[in-house]
2 protein chains.
Amino acid sequence: MMQTLNVELAERSYPIHIGSGVLGQPELLTGCLPRKRAAIVTNTVVAPLYLDKLQVTLQQLGVESVPVILPDGEACKNSDTMNLIYSALLSSRCERTTPLIALGGGVIGDMTGFAAATYLRGVPFIQIPTTLLSQVDSSVGGKTGINHPLGKNMIGAFYQPQLVLADTDTLNTLPDKELAAGMAEVIKYGLIRDAAFLEWLEQNMDLLLVRDTAALQYAIERSCRNKAEVVALDERESGERALLNLGHTFGHAIESGMGYGKWLHGEAVAAGTLMAADLSERLGWLDAGQVARIRRLFQRAGLPVISPDLGVAAYLEWMGLDKKVEGGKMRFVLLKEMGRAVVKGDVPTELLRQTLQACVK
Amino acid sequence: MMQTLNVELAERSYPIHIGSGVLGQPELLTGCLPRKRAAIVTNTVVAPLYLDKLQVTLQQLGVESVPVILPDGEACKNSDTMNLIYSALLSSRCERTTPLIALGGGVIGDMTGFAAATYLRGVPFIQIPTTLLSQVDSSVGGKTGINHPLGKNMIGAFYQPQLVLADTDTLNTLPDKELAAGMAEVIKYGLIRDAAFLEWLEQNMDLLLVRDTAALQYAIERSCRNKAEVVALDERESGERALLNLGHTFGHAIESGMGYGKWLHGEAVAAGTLMAADLSERLGWLDAGQVARIRRLFQRAGLPVISPDLGVAAYLEWMGLDKKVEGGKMRFVLLKEMGRAVVKGDVPTELLRQTLQACVK
């Protein structure tokens, strides 16, 4: 049974349809395609799996589609690839009313969303995330963008889709490693604001890992609901939305320090969350048993819990470029207790150094 | 005496201060610079003239500024130059609260605005236009962006500044050719919606060309007011805002066909407006005397009234890529009468061809 979640953002509100087979249901797309034309942005991995299926669904609505097939991977999330998208859209004369459909994971979603935000100063955007990570993370909240050689996600825009289709069937072709990476963000929602969901995850992790459709649908819907609640309160990330970045300040440093694409985003978030948990313990907020419980859940999901040994100086350097820096001071998202994250601005440097040294071994 | 015009766009409203010496009045900037830090984006032509002055004004507020000095010209309005801006902002650790100040003409304003819209997904933006064109055109309306090899202004965003300072003193260093180019847009406002202003321009063109401060201030304020009224009604260009594009469909074809930067934007708009007037005459809306009156005013301002002979096919090709294309049909902004423009969608191709042939000689 499909579930629908409405992301409430006044005139930018939109529905997320979650379930098995939603990619094959043309009626869900009616109303978003008035002009009988759309561009589909996807990549060389996803296109052979799902492009045909989406094109057939669109044909049932009489919609002709222009595919734009990009290379795969985080390393391509840059301005050169953006120019490939723009050139394809211009060559096929896509207009202001032509929707861009993102078919793929987070990289495709972020780039397609940014293209939709900036092509002809903004065109309609539809998201069809095909990885667990993109279904629970990038499909809610409107963050779009690309990397810059000096930092991840530094260039972008807030731009909301008109519709999201999260088809759990697409997770059947997802490599284990990527399923695990998505699970890092799912676990994050439990940690930052939903202790009951955290317990549910501890009880149902095995079902999720064998890709039980009902369990996945439940986890995706509850994750998206958590994120949608946070985003509805704080669309432009001035306050509560920062809590969604648990593990991300450390995680971005790992991704940047290792070079984009060496670590999956979710893997970096898992290891980064353990660093945040370690620092929370040093501040006296968590006890060793709770940190061990967090470590165990990530390990069961198949995620790394030890960070790469970049050296303290490199970590500090990479974290200094993080967007969450305010007035030159670092701000950390830490766990006040299990199921409740807070932002803390005045972390003693000595404790931070201890964490950076302790978590790499 | 300085004049202040408020552009009414709900929570995105902002003031434009127009007058002699506003660049040297720190009190106008108070409130926009809470963090005592700003980045100034300018170019190699404007920096030697006005960068020092602006930095001194900022210093009076205790604001430290990071200059980003770009090469000059429309040919630089591309993604490579955007990457130069992003790199400079990242290297100097500009944050979400650091305003970007555009100091220069339309190219600087468009690129800085797009950088402000997309750096860290959006930072505050202040505009200090130093050419007549940018003071009367790009400082109102929030259009930002860059060119693409396949078309002009194809990539961008709608992003409003917090404040605009239009200092008439900066026009004293403007080459005659660029003053004339700005005058093309000033005349446009009279043609599309303000017949009384059109008459005022016919009476005061000589004063404007000798850069009489009071006349310039009046023309800038009235131009901005006309544009602000149109934009307030239609921020995202779904309807009336299209009228501002009088002469621009033809003008863009001239600019693209000749190669970016060969013709100044205002020059192309002047020649393009004559094409629109010619087509309006062929539709029976203007008489020959009215077209001659328009031609004379542009000529007095020192603007071209004959278009380059690209050939009909090339014009059609370049116009086909214009953003104002809807459902595959071209839409033209034409003059129903002196002081009133309308959008017309079903122009007989034969009349269009006649115009394209008649106006190049």
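Visitor: What covers the buried residues of H8(A)?
Guide: The cover includes strand S8 (151-158), helix H9 (265-282), helix H11 (312-320) and strand S10 (332-337) of chain A. Helices (H or I, at least four residues) and strands (E, at least two) are DSSP runs, numbered from the N terminus. This is a predicted model, where local features need pLDDT of at least 70 and side-chain atom pairs pLDDT 80 or more, while totals for chains, interfaces and linings use all residues. Residues are numbered from 1 along each chain as its sequence is written, and chains are lettered from A and ligands numbered from 1 in the order in which they are written.

Visitor: How many residues of H8 in chain A are buried?
Guide: 10 of the 11 residues in H8 (248-258) are. Buried is 20 or more other C-beta atoms within 10 Å of the residue's own, exposed is 12 or fewer, and partly exposed is in between, with C-beta atoms placed from the backbone. Among the buried ones are A:His248, A:Phe250, A:His252 and A:Glu255.

Visitor: And what comes just after H8(A)?
Guide: A:Gly259, with a positive phi of about 95°.

Visitor: Switching to the start of the chain. How do S1 and S2 of chain A run?
Guide: Antiparallel: 5 bridges join S1 (residues 3-7) to S2 (residues 14-19). Strands count as paired if DSSP finds at least two bridges between them. A:Val7 stands opposite A:Tyr14. The two strands form a hairpin with 6 residues between them, and A:Ala10 in the turn has a positive phi of about 50°.

Visitor: Now both chains. What rotation superposes A on B?
Guide: One of 180°, with 0.0 Å of shift along its axis and an RMSD of 0.0 Å. The two copies are thus related as by a two-fold rotation axis. In chain A, the C-alpha nearest that axis belongs to A:Ser79, 3.8 Å away. The superposition is by least squares on C-alpha atoms of residues with pLDDT of at least 70 in both copies.

Visitor: Which surface do the copies use?
Guide: The same one, because 100% of chain A's interface residues are also interface residues in chain B.

How values were computed: Two residues are in contact if their C-beta atoms, placed from the backbone, lie within 7 Å.
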